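The report below describes one protein chain for a reader who is new to structural analysis. Please keep the sequence and the model in view while reading.

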Amino acid sequence: MPSQPIESRSPQDPSDVVTTVPDSDRDAVARAVAQARASAGVWAATPAVQRAAALTAAAQALADAHDELSRLVVREVGKPATESGQEVTRGVGILRYHAQAALDPDGETYPPGPPADRVSLLLSRRRPRGVAGLITPWNFPVAIPLWKAAPALAYGNVVVLKPAPESSAVAVRLVELLGQFLPAGVVQAVTGGAEAGRALVDLADVVSFTGSVGAGFSVAAAAAGRGIPVQAEMGGQNASIVLPDADPEATAAVVASAAMGYAGQKCTATSRVIVVGRASGFTDALVAAVQRLRTGDPADEGVAVGPVIGSGARDRVLAAAEEARGAGGRVATGGRAGAGAGWFVAPTVVDGLAPEARLAQEEVFGPICAVLRAGSAEEAVAISNGVPYGLVTSVFTGDLGAALRVVDGVDTGLVRVNQPTSGVDFHAPFGGEKQSSIGPREQGKQARELYTSSHTVTIAPPPGA
């Protein structure tokens, strides 16, 4: 029996059906991969200058569609308008960056081996992998597909994108914008759920995934079983460490935005605030800063906290707050559903918990954070490291020596000093440790490691010459 189509609904107004798309089965994915594979040789052989020109033209098309696509992001995933516009602008930058990366050297030369009296050339060159299967989440529906697809295309791969069902409309529009500058079949989107994702992992030549820990480990295991390269970016339980000399009000404003902006639906959002010394004063400042954040319809100017993506997401935040109360924590603000028909939940701050409490250990992926106390910077680092994840840590202090000691001590892939945990730079490597990441880093020049393979070549004159 054919599967039912997938409806993508607006989280601020669940009666608004943004789009209806096919729930692709294995056969549909196989057809897309076959079409991509048929185009792979032509695209790989396209001169790098032409690939760069195509990505540059795609960047301009995205810039021209900025307002249209920003509104679609707001409508489909509930991201506040300001952040949605910034994400589209970032997407333009990603495409332009990788258009230039396509022109980077594609190999290196090395001193030749013996014998010394025989002329030879020893070099390595990088080749595209082939069909890149990209499985992306809904929370950054422009940036994440592009920071995977742009380098894959730049280095000569073809792309099949499987977006999260909740961001289907944005993904389809994004592929339309890119595809007009590329040969047929070079970039495609297949919509659907878990079956489509599994099929893509089974059929692609290289896989890049962003999503939950459980799904990411399954993807990595399936890819490893086939002997193909894989990258998985997964969860985070990110800490902001506040040292005693940090300005409470100024720091609280930064942390509040990092924890609650876009309803906390970022893998880099602050989930834990570890205060060194007396925590009550900082908790009061954080609660005040959170309460100043404007909540409501993400299309409205100035709104920082819109809805969560669905009813299940709202239920998880409310359940986490209730469980924290039962574990001896105090809900300092929030802990209740928001008003209106959408999936709104009040930004929530909890204190009084031990570092071992579930809220301090497990990612909720919503607008909720725990304030924890540490007696020293060393204890704060130990608390920060005492979770299964290792994506990003922030430290707030005016003491450079103390900041560098924290930087050296935390086991996260990103460390930010006097900066929010949220926010990444598309020209620098991105990724985490432990259960946050598997495989090579994303973004920047590091992206080449996943999407190309290195081949060593030795060239010598014919024997007897």
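## Cavities and pockets

The lining of the largest cavity divides into six nonpolar, seven polar and three charged residues. In this classification Ala, Val, Leu, Ile, Met, Phe, Trp, Tyr, Cys and Pro count as nonpolar, Asp, Glu, Lys and Arg as charged, and the others, Gly among them, as polar. The structure is a predicted model, in which local features need pLDDT of at least 70 and side-chain atom pairs count only at pLDDT 80 or more, while totals for chains, interfaces and linings use all residues. Residues are numbered from 1 along each chain as its sequence is written, and side-chain values use heavy atoms, with hydrogens and water left out.

On a 1 Å grid over the protein atoms alone, a cavity is a set of points where a 1.4 Å probe fits but cannot get out, whereas a pocket is an open set with protein on both sides within 12 Å along at least five of seven lines; lining residues have an atom within 4 Å of a point. Grid points are joined across faces, edges and corners, and a volume is the space filled by probe spheres set on the points. By this rule there are four cavities of 30 Å³ or more. The largest cavity is lined by 16 residues, and Ser-271, Glu-363, Val-364, Phe-365 and Gly-366 lie nearest its centre.

The table sets out the volumes.

| Space | Volume |
|---|---|
| Largest pocket | about 880 Å³ |
| Second largest pocket | about 440 Å³ |
| Largest cavity | about 100 Å³ |

Which residues lie nearest the centre of the largest pocket? They are Phe-209, Thr-210, Gly-211, Ser-212 and Ala-215, out of a lining of 36 residues. By class, this lining has 20 nonpolar, 10 polar and six charged residues. Strand E5 (131-136), helix H7 (194-203), strand E8 (206-210), helix H8 (213-226) and helix H11 (311-326) each supply at least two of its residues. Helices (H or I, at least four residues) and strands (E, at least two) are DSSP runs, numbered from the N terminus.

The second largest pocket is lined by 22 residues, with Glu-83, Phe-140, Lys-266, Ser-422 and Gly-423 nearest its centre. Its lining comprises 11 nonpolar, six polar and five charged residues. Helix H4 (81-101), helix H5 (143-154) and helix H9 (248-260) each give at least two residues to it, and the largest share, four residues, comes from H4.

Ser-422 is placed in the loop between strand E17 (414-417) and E18. Ser-422 counts as buried because its relative accessibility is 11%; buried means under 20% relative accessible area, exposed over 50%, and partly exposed in between (1.4 Å probe, protein chains only). Apart from its neighbours within four places in sequence, Ser-422 is in contact (heavy atoms within 4.5 Å) with Ala-258, Lys-266, Thr-268 and Arg-416.

## The core and the sheet

In soluble globular proteins, nonpolar side chains tend to be buried together. A nonpolar core is a set of buried Ala, Val, Leu, Ile, Met, Phe, Trp, Tyr and Cys residues joined through side-chain atoms within 4.5 Å. The largest such core here has 138 residues, of which Leu-62, Leu-69, Leu-95, Ile-241, Val-273, Leu-286 and Leu-359 touch the most other members. H5 gives the most to this core, with nine residues. Not counting residues up to four places away in sequence, Leu-359 touches Gln-237, Ala-320, Ala-324, Val-350, Leu-353, Val-364, Ile-368 and Ala-370.

E5 and E6 run parallel and are joined by six bridges, and Thr-136 has Pro-163 as its bridge partner in E6. In contrast, strand E9 (residues 230-233) and E19 run antiparallel, joined by two bridges; the bridge partner of Ala-232 in E19 is Ile-438.

How many residues of strand E6 (residues 158-163) are buried? The count is six of its six residues. Val-158, Val-160 and Lys-162 point one way from E6, and Val-159, Leu-161 and Pro-163 point the other way.

How values were computed
Two strands pair if DSSP finds at least two bridges between them.
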